[in-house]
Amino acid sequence: MTTARIGFDLKPSAQPLPDAEREAILANPGFGRHFTDHMVTIKWSEGKGWHDAQLEPYAPLRMDPANMTLHYGQSIFEGLKAYRQTDGSVALFRPDANAQRFQRSARRLAMPELPVEAFIEACELLVRQDRSWVPGVGEESLYLRPFMFASEVGLGVKPANEYLFMVIASPAGAYFPGGIKPVSVWLSEEYTRAAPGGTGEAKCAGNYAASLVAQAEAAQQGCDQVVWLDAVEHRYVEEMGGMNLYFVQGSGADARIVTPRLTGTLLPGITRHSLLTIAEDLGYATGEVQLSTEDWQRGNADGSISEVFACGTAAVITPVGTVKSARAQWTVGDGEPGELTRKLRETLLALQSGSIEDRHGWLHRV
Ligand code: PLP
Ligand code: COI
């Protein structure tokens with residue numbers, strides 16, 4: 001691993017998208033459908049380390065059919081957002097946390113670790129160049145997708161000796177078409193997302209590929225999302241397909257806000273971590289717990305669980321309204337977004353847009 005500062009070669013596009021077309025996209029960006037004018041690439045090869053860092057026009061890649069990623073899946077990614085601040089500037093939210101998680105994912109997939117400073121610099125460069133793509137203050141933002149994959153050509157099963165790191169950016173509106181409308185979830189008992197010793201806490205492409213069949217099952221059951229349970233007993237709640245989960249126990253000033261503890265099989269979400277801190281700042285008790293589906297159903301019936309919500313960079317905070325499994329079905333609270341869910345969501349968004357004090361130094365101005 002090289003830790004020296006990487007010099008970027010800047011090759012801005014001679015033909016960025018015309019202003020009117022960009023504005024039309026920003027008026028209704030959706031999620032992950034449109035991409036900005038530029039991308040960042042950095043190569044890694046054995047013996048040479050990180051090299052050939054560039055900011056260049058967004059363009060398709062040419063790939064050899066025997067590229068090792070296509071066959072053996074050494075591919076990891078991150079997701080973070082740039083937010084328009086109330087003073088007009090732009091800030092990334094906790095890019096250092098994403099950079100560190102990217103290093104952990106790389107280690108698990110036997111890939112080289114990109115230095116934290118290079119990860120942050122790559123994100124900064126892209127946001128600076130494509131600043132006009134950052135939507136105005138509000139719920140919209142510019143979603144950054146840093147990723148890395150093997151670029152060696154060959155069919156031997158081994159860690160590749162060449163990789164490509166890239167960052168692309170996409171303006172993002174609500175991840176769920178319903179916005180803050182509560183989602184319905186399916187408790188998956190047949191499929192497993194991640195087992196102990198596996199790749200559950202890494203943000204690797206294969207975890208998402210493995211989740212799709214269960215997501216399709218959830219849709220067949222009339223649900224929006226799948227909730228993953230532990231691999232051993234299929235009993236304990238872990239997380240959703242692209243989000244962590246939170247439960248509100250009790251209500252009002254005495255509420256306790258809890259989330260499944262990190263067992264190694266779920267993703268340590270940065271939003272999850274931020275919310276533990278924000279909830280404490282707001283004066284609530286918090287906890288990292290082991291919660292079974294029976295606890296959830298019982299807590300719902302006796303009122304001790306009053307709200308449930310999902311959280312993640314893309315999804316922000318999304319209430320869970322109804323729950324369904326092979327044996328049971330229930331509505332969380334009155335099926336509407338709960339008071340604390342709303343309060344935490346508003347506080348998180350206010351923090352990310354710089355309209356309340358950044359007590360923890362989470363905003364990284366670009
Ligand atoms: N869990 C999974 C499987 C995810 O893909 C994500 C999204 O990144 C999360 C949780 C939430 O993580 P974060 O808050 O860092 O976006
Ligand atoms: C994110 O929230 O950044 C995610 O990665 C979730 C999903 C889009 C995969």
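User: What makes up the shell around ligand 2 by class, in nonpolar, polar and charged residues?

Analyst: In this predicted model, the shell around ligand 2 has 1 nonpolar, 4 polar and no charged residues. The residues that surround ligand 2 are Gly 79, Gly 242, Gly 312, Thr 313 and Ala 314; Ala counts as nonpolar, whereas Gly is placed among the polar residues.

User: How does the shell around ligand 1 divide by class, and which helix supplies the largest share of that shell?

Analyst: The shell around ligand 1 divides into 3 nonpolar, 7 polar and 2 charged residues, and among the residues surrounding this ligand are Glu 239, Met 243, Leu 267, Ile 270 and Arg 272. Helix α6 (residues 270-281) contributes the largest share, with 3 residues.

User: How do you know that the span of helix α3 agrees with its number of residues?

Analyst: Helix α3 (residues 95-108) has 14 residues, which at 1.5 Å a residue should span 20 Å, and because its end C-alpha atoms are 20 Å apart, the two values agree.

User: Which residues of α3 are buried, and why are they placed on the same side?

Analyst: Pro 95, Asn 98, Ala 99, Arg 101, Phe 102, Ser 105 and Ala 106 are buried in α3. These residues cover an arc of only 165 degrees around the axis, which puts them on the same side of α3.

User: What makes up the largest nonpolar core, and which elements supply it?

Analyst: The largest nonpolar core has 46 residues, and those with the most contacts inside it are Ala 82, Leu 126, Leu 142 and Leu 144. Among the elements that each supply at least two residues of this core are β5 (80-84), α3, α4 (116-129) and β7 (141-150).

Note on methods: Residues are numbered from 1 along each chain as its sequence is written. Chains are lettered from A and ligands numbered from 1 in the order in which they are written. This is a predicted model: local features need pLDDT of at least 70, side-chain atom pairs count only at pLDDT 80 or more; totals for chains, interfaces and linings use all residues. Helices (H or I, at least four residues) and strands (E, at least two) are DSSP runs, numbered from the N terminus. The expected span of a helix is 1.5 Å times one less than its number of residues. A residue is buried if 20 or more other C-beta atoms lie within 10 Å of its own, exposed if 12 or fewer, and partly exposed in between; C-beta atoms are placed from the backbone. The arc is that of the directions from the helix axis to the C-beta atoms. A residue is near a molecule or strand if its C-beta atom, placed from the backbone, lies within 6 Å of it. A nonpolar core is a set of buried Ala, Val, Leu, Ile, Met, Phe, Trp, Tyr and Cys residues joined through C-beta atoms within 7 Å.
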